[in-house]
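Thanks for coming. I will talk through one part of a structure, so please have the sequence and the model open.

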Amino acid sequence: MGRHDPGDVMATGVPVIVVDEGGFPVTPVESGGPLMTVATNGIGAPITLTDNGAPCVVQGLFDPAAVALFDAWDTAGAPADGARQTLVNNTIVALKAAGIWDELDLLYFTAAHAAAAAHNNWKSPSTFTLTPTAAPAFVANRGYTGNGTTSYLGTGYIPSTNGVKWLQSDASVWSWSVTDVASTSPDAGAGVTYVGAVNPRSATNTIDAQLNRATTALTAAMASSVGMSGVARSAGPSEHIWKNGVSVAAGTAGPSGRPTGEFLLCGRTPSSFSTRQVAFAAAGSACAGKELAFYNAVRAYMTGVGVP
């Protein structure tokens with residue numbers, strides 16, 4: 001059985017040898033034994049294998065979305081160790097359990113163990129892969145920092161063209177800043193014609209956001225850019241700014257259209273660039289009613305990699 005491939009499960013009744021990552025056989029736990037653990041594998045029901053006819057339960061099979069991500073990292077030469085795989089799998093399972101996973105087009109955890117692993121869109125590891133421009137600085141388990149003038153990470157994703165969950169009246173943009181910097185620029189987003197972005201802390205100590213419009217930004221007082229910031233639009237003219245899972249501002253400015261520029265990290269199109277350290281970014285539908293669960297899942301990942 002491969003180290004992270006649930007597709008290797010054999011048919012019922014066929015003898016199975018379970019091995020660890022070194023290829024050494026692992027003794028199965030017999031059904032009804034005092035040490036038996038029934039696993040929740042993130043897919044649904046526990047998987048039962050047979051060891052020469054004696055039922056046993058396998059614990060820790062990964063969600064298929066996690067497996068796809070691990071395979072992409074292996075191909076990129078940035079394999080994750082067991083602890084990282086478990087953390088990533090748990091994050092994906094939490095997002096799915098909260099009903100958030102299917103609401104996103106883009107999901108990036110740039111606070112990764114390697115730069116190559118920071119580039120994949122977790123929702124679809126082979127699409128909208130991040131491409132660094134002008135050498136943004138990467139730090140393992142913290143993310144990318146731009147220079148404020150020319151450096152950023154491109155996604156190839158244009159909301160008006162590629163948006164599936166990002167719709168005109170149902171959308172959201174999220175980012176996580178590791179550093180506290182007052183700036184005129186957001187850490188992730190798209191512009192051109194219309195804007196979809198949130199600036200976690202302006203030069204006047206406010207959090208500012210626009211989503212699918214180009215009129216005056218919605219604002220709220222904000223003393224620090226650190227943490228998870230977001231802007232979401234649901235039910236058309238209902239626009240909210242979110243900070244660490246809590247709504248800090250609400251507005252009624254209606255949407256006009258989705259941005260026609262590329263979605264960036266470490267800034268937004270056409271030419272607004274951040275100097276904060278960006279550990280995470282996402283975009284999709286409004287995720288209405290799920291904002292705190294979203295923050296909790298991302299916070300658990302950040303804690304797991306050591307982000308304060």
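W122 is buried, with a relative accessible area of 1%. Buried here means under 20% relative accessible area, exposed means over 50%, and partly exposed lies in between, with a 1.4 Å probe and protein chains only. This is a predicted model, where local features need pLDDT of at least 70 and side-chain atom pairs count only at pLDDT 80 or more, while totals for chains, interfaces and linings use all residues. Residues are numbered from 1 along each chain as its sequence is written, and side-chain values use heavy atoms, with hydrogens and water left out.

Which residue forms an aromatic pair with W122? That is Y301, in an edge-to-face pair with 5.8 Å centre to centre and 80° between the planes. For the terms: rings of Phe, Tyr and Trp (its six-membered ring) pair if their centres lie within 6.5 Å, and planes under 30 degrees apart count as stacked, over 60 as edge-to-face and the rest as tilted. W122 lies in the loop between helix 3 and strand 4 (131-133), and Y301 in helix 5, 179 residues apart. Helices (H or I, at least four residues) and strands (E, at least two) are DSSP runs, numbered from the N terminus. Y301 is also buried, with a relative accessible area of 1%.

The count of aromatic pairs comes to 14. In one of them, the ring centres of F109 and Y301 are 4.6 Å apart and the planes are at 55°, so this pair is tilted. F109 sits in the loop between strand 3 and helix 3 (115-118), 192 residues from Y301 in helix 5. Ring pairs join F109, W122, W174, F280, F294 and Y301 into a cluster.

Now helix 5. Its 15 residues reach 22 Å from first C-alpha to last, close to the 21 Å expected at 1.5 Å a residue; the expected span is 1.5 Å times one less than the number of residues. The buried residues of helix 5 include F294, Y301 and M302. F294 is in contact (heavy atoms within 4.5 Å) with residues including L95, W174 and F280, leaving aside neighbours within four places in sequence.

Just after helix 5, G306 takes a positive phi of about 95°. P308 is in the segment after helix 5. Is P308 buried or exposed? P308 is exposed, with a relative accessible area of 72%. Leaving aside neighbours within four places in sequence, P308 is in contact with R142 and R299.
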